[in-house]
Amino acid sequence: MADKEMRMAYVDTIVALAEKNKNIVVLEADLMSCTNTGIFKKTYPDRFFNCGIAEANMIGIAAGLSTLGKIPFASGFGCFSSRRVYDQFFLSANYAKLNVKLIGTDPGVTAAFNGGTHMPFEELALMRVVPKLTMIEPSDPVSCAAFVKLMAEEYGCHYLRIPRKPVPSLYPENEVFKFGQAKVLKEGKDVCFVALGSLMVNQSLKACEELAKEGISAGVLDILTLKPIDKDAVLNQAGKVRAIITAENAQIMSGLGSAVAEILAENCCVTQNCCDVKNNKNGWCKFARIGINDEFGEVGTQDYLVNRYGLDVASMVKKAKELLG
């Protein structure tokens with residue numbers, strides 16, 4: 001598959017699924033042109049609900065539709081799909097054990113010119129503490145389509161985090177995905193980037209190329225689902241390399257970096273003087289985090305913001321070399 005907009009991977013998939021599953025419905029908070037869900041509206045006008053600029057109300061409606069056996073997909077900018085609807089999503093959907101699928105677009109710096117008010121740096125931390133919530137951030141159009149299908153098939157609440165713009169395809173069309181299963185995109189012997197989402201997975205792959213020029217063998221583990229996280233895949237990589245670096249387009253506090261740190265700490269492989277981990281040939285693994293470090297967002301191009309917040313390839317290469325020492 002060629003480069004494709006992630007929003008089109010999302011919309012094309014739910015339109016196709018809705019043809020066979022009459023219970024699939026779509027809700028929007030007046031952002032159809034941004035998310036491209038207007039395509040679903042044209043195809044299935046009786047199963048599309050524009051709730052206006054009232055995101056919390058949209059979640060209440062989605063929860064109500066779920067009680068009637070519908071499978072509601074409710075989308076909006078990530079800042080609205082997390083901060084603005086948090087209590088409604090927590091109580092009306094998750095606590096009530098319903099079947100609501102929440103989509104947050106334009107995560108982190110991909111919000112670009114929408115600026116700090118629209119940059120959800122913190123929603124991974126917010127959503128991660130919601131009990132039993134499945135959290136997905138696909139890295140390409142193929143994985144996005146696959147996970148939307150899985151979301152429709154599995155009962156329960158899910159949070160899908162995707163950028164809107166075109167991203168490179170990383171997986172073949174027939175790749176099989178599962179919740180809680182990470183994918184190794186590249187094996188390395190010295191350092192492994194544990195990355196989440198299209199932006200940081202691709203940044204990690206580029207960092208591997210730069211490190212290879214200096215004789216450093218680096219790999220990439222595409223996490224795909226932050227919750228449940230693939231603990232075994234993380235530990236497997238920690239047993240092969242001398243350093244693990246998480247890479248996320250979000251606050252490093254309580255997001256991917258914290259999740260991986262917890263796995264490493266609980267399995268005793270963070271410091272040089274620590275005991276051996278099962279199958280860890282090195283006996284220890286250094287650790288660092290790449291992400292937003294306790295800051296608010298600001299206006300700018302995505303390229304500018306990537307550099308502004310230290311998500312750039314040069315920063316990743318520098319961090320790897322520092323850890324390997």
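**Notebook: loops, helix packing and rings**

I began with Lys132, which has a relative accessibility of 80% and therefore counts as exposed. The scale I used calls a residue buried under 20% relative accessible area, exposed over 50% and partly exposed in between, with a 1.4 Å probe and protein chains only. The model is predicted, and I took local features only at pLDDT of at least 70 and side-chain atom pairs only at pLDDT 80 or more, while totals for chains, interfaces and linings use all residues. Residues are numbered from 1 along each chain as its sequence is written, and side-chain values use heavy atoms, with hydrogens and water left out.

**Entry on backbone angles**

I then looked up where Lys132 sits, and found it in the loop between H7 and strand S6 (134-136). Helices (H or I, at least four residues) and strands (E, at least two) are DSSP runs, numbered from the N terminus. The phi of Lys132 is positive, near 65°, and the residue is not a glycine.

Ala112, also not a glycine, has a positive phi of about 50°. Its loop runs between strand S5 (101-105) and helix H7 (123-128). Ala112 has 5% relative accessibility, so I noted it as buried.

I noted a cis peptide bond from Lys227 to Pro228, with omega near 0°. Pro228 belongs to the loop between strand S12 (225-227) and helix H10 (231-238).

**Entry on Thr37**

I looked up Thr37 in the loop between helix H2 (32-35) and helix H3 (38-43). Thr37 has a relative accessible area of 0%, so it is buried. Leaving out residues up to four places away in sequence, I listed its contacts as Tyr10, Val11, Val26, Glu28, Met32, Phe48 and Ser75. Contact here means heavy atoms within 4.5 Å.

**Entry on helix H11**

Which residues of helix H11 (residues 256-266) are buried? I wrote down Leu256, Gly257, Ser258, Ala259, Val260, Ile263 and Leu264. Their cover includes H7, H10 and S12, together with strands S10 (191-195), S13 (243-251) and S14 (286-292).

**Entry on H9 and H13**

I looked up how helix H9 (residues 197-212) packs on helix H13 (residues 313-324): the angle is about 60° and the axes are 9 Å apart. Axes are lines fitted to C-alpha atoms, for helices over the stretch in contact, and angles run from 0 to 180 degrees between N-to-C directions. H9 and H13 are therefore oblique to each other; angles under 35 degrees count as roughly parallel, over 145 as roughly antiparallel, 65 to 115 as roughly perpendicular and the rest as oblique. From H9 the contact takes Met200, Gln203, Ser204, Lys206, Ala207, Glu210 and Leu211, and from H13 Val313, Met316, Val317, Ala320 and Lys321.

**Entry on aromatic rings**

I counted eight aromatic pairs. Rings of Phe, Tyr and Trp (its six-membered ring) pair if their centres lie within 6.5 Å; planes under 30 degrees apart count as stacked, over 60 as edge-to-face and the rest as tilted. Tyr86 and Phe90 both belong to helix H6 (residues 86-95), where they are four residues apart, about one turn of the helix. Phe90 has 27% relative accessibility and therefore counts as partly exposed.

Finally, I noted a cluster in which ring pairs link Phe147, Tyr171, Phe177 and Phe179.
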